[in-house]
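Reader: I have the sequence and the coordinates open. Please take me through a few local features.

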Amino acid sequence: MSERDATGALFGDQPEAAALSWAPTRAAGLQRMDAFASRMGRAYAGKRNYDYGPERRSNISALSPWVRYRLILETEVLRAALARHAPSVCDKFVQEVFWRAYFKGWMEQRPICWRRHQSQLRTHLQTLGADANLKRRVEEAEEGRTGIECFDAWAQELVEIGYLHNHTRMWFASIWIFTLQLPWDLGADFFYRHLLDGDPASNTLSWRWVAGLHTKGKTYLARPSNIERYTDGRFTPTGLAEAADPLIETEEMERTPLPAADPWPEPRAGTAMGLLITGEDCAPEIDWAPADFAPSAIAAISAVAGRSPRPIGKAAARFDKAALEDAAARATSAFGAPAVQLQPKAAAGEDGADWLDAWTDAALSWAQETGLTHIVTPYAPVGPAADAIAHARPRLAEAGVGLSVVRRRYDAAAWPHAKAGFFGLKKKIPQILADVGLAEG
């Protein structure tokens, strides 16, 4: 993979500056998509790697928070690009969309990667309590007090806005790992706690790529000349690491079969059906449910507390809450059933059990209060929402409430091709587009 491919693809297109709209609604996402559609071709390919600063984001799509929450769908973004540009012209942009599917599909087939990261993170957090020097260095990095001007500015931008440009995320991770020599798991956690578009697969695997763990031996080194060029001269750092020796892990991430999703439940007399919305899919009324789906109750439930044992960033928490509010309101309008928003308060403790129990209690109480006998929810990929659903399923079953977790057509078409590197999926893009009704051209 070339540097240009890597820097443009790994972390996804990023949001616009605070001066522009950050409204976590489907309407705002569609508006932003339509406004950028004419630039999804050559304009995007030529300027996507430049970070001109928080007030100048017109060179990138700024769609990742909306796509991450599926306030707008990947198929909608792809359709917008292919409707305005020849496939060869918008090829880079189309690939960007599929990088997200690649990372999710890769992690779905290697869930052990997520579990190990979570285990290592908790080990490092325990170490912080005993190692005052490491704790101080991590605090300096997270608060933007390292003395590396660009890095410090980016750390503050991330905390304040919940944003970093794609290329900048690469530089930041590289400096964190190779210059500051801090544990990558803690850096990935810092991102995940604060990003509006924080995604378990994209974030975790991108940090692993920088460190040389995802593609074995392939690291990303932040170079002063590259930073100066692609920040348009805003930063010219000194003192950065001159080499990036790959990190080593002894255990392989063995690939397992793609987990099966549940079929859509057959309607039965006497079944009281409920719709459960998570932050993994906030548009269940778009191309997911059958036309005759008529739930009697709807709930939108947050999994943001499961992102980390540490406090979640204010910007990320606000976006999560408002996105679910928007999803609940649209679902009520689409399906004609009352909706509530559930916000489990317990944090992810030492082993995550406190938060998982709180999430399960909230979902079960809603089901019992509304007299549900079956719940349907869009499939949640590896991450906190999937962990919560798996934790809740047996408790729901004990209470006589069935649960169906239904995968989208796009995921079913793309994820099986994420077996190794991105190139394997890239070759299948024309086929995937055809499978979801978006044949190129």
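Reader: What span should the 22 residues of helix H14 have, and how far apart are its end C-alpha atoms?
Author: The model is predicted. Helix H14 covers residues 314–335, and at 1.5 Å a residue its 22 residues should span 32 Å. The expected span is 1.5 Å times one less than the number of residues. The end C-alpha atoms agree with that, being apart by 32 Å.

Reader: Which residue just after H14 takes a positive phi?
Author: The buried residues of H14 include Ala331 and Phe335. Just after the helix, a positive phi of about 75 degrees is taken by Gly336.

Reader: Is Ala62 buried or exposed?
Author: Ala62 lies in the loop between helix H3 (42–47) and helix H4 (64–68). Although Ala62 is not a glycine, its phi is positive, at about 65 degrees. Buried means under 20% relative accessible area. Ala62 has 1% relative accessibility, so it counts as buried.

Reader: Where is Asp232 found, and what is its relative accessibility?
Author: Asp232 is found in the loop between helix H13 (224–230) and strand S1 (273–277). Asp232 also has a positive phi, about 60 degrees, without being a glycine. Asp232 counts as partly exposed because its relative accessibility is 48%.

Reader: Which residues does Ala80 touch, not counting those up to four places away in sequence?
Author: Ala80 sits in helix H5 (residues 74–84) and is buried, with a relative accessible area of 5%. Ala80 and Met33 are 47 residues apart in sequence, yet their C-alpha atoms are 7.7 Å apart. Leaving out residues up to four places away, Ala80 touches Met33, Ala37 and Met40.

Definitions and conventions
Residues are numbered from 1 along each chain as its sequence is written. This is a predicted model: local features need pLDDT of at least 70, side-chain atom pairs count only at pLDDT 80 or more; totals for chains, interfaces and linings use all residues. Side-chain values use heavy atoms; hydrogens and water are left out. Helices (H or I, at least four residues) and strands (E, at least two) are DSSP runs, numbered from the N terminus. Buried means under 20% relative accessible area, exposed over 50%, partly exposed in between (1.4 Å probe, protein chains only). Contact means heavy atoms within 4.5 Å.
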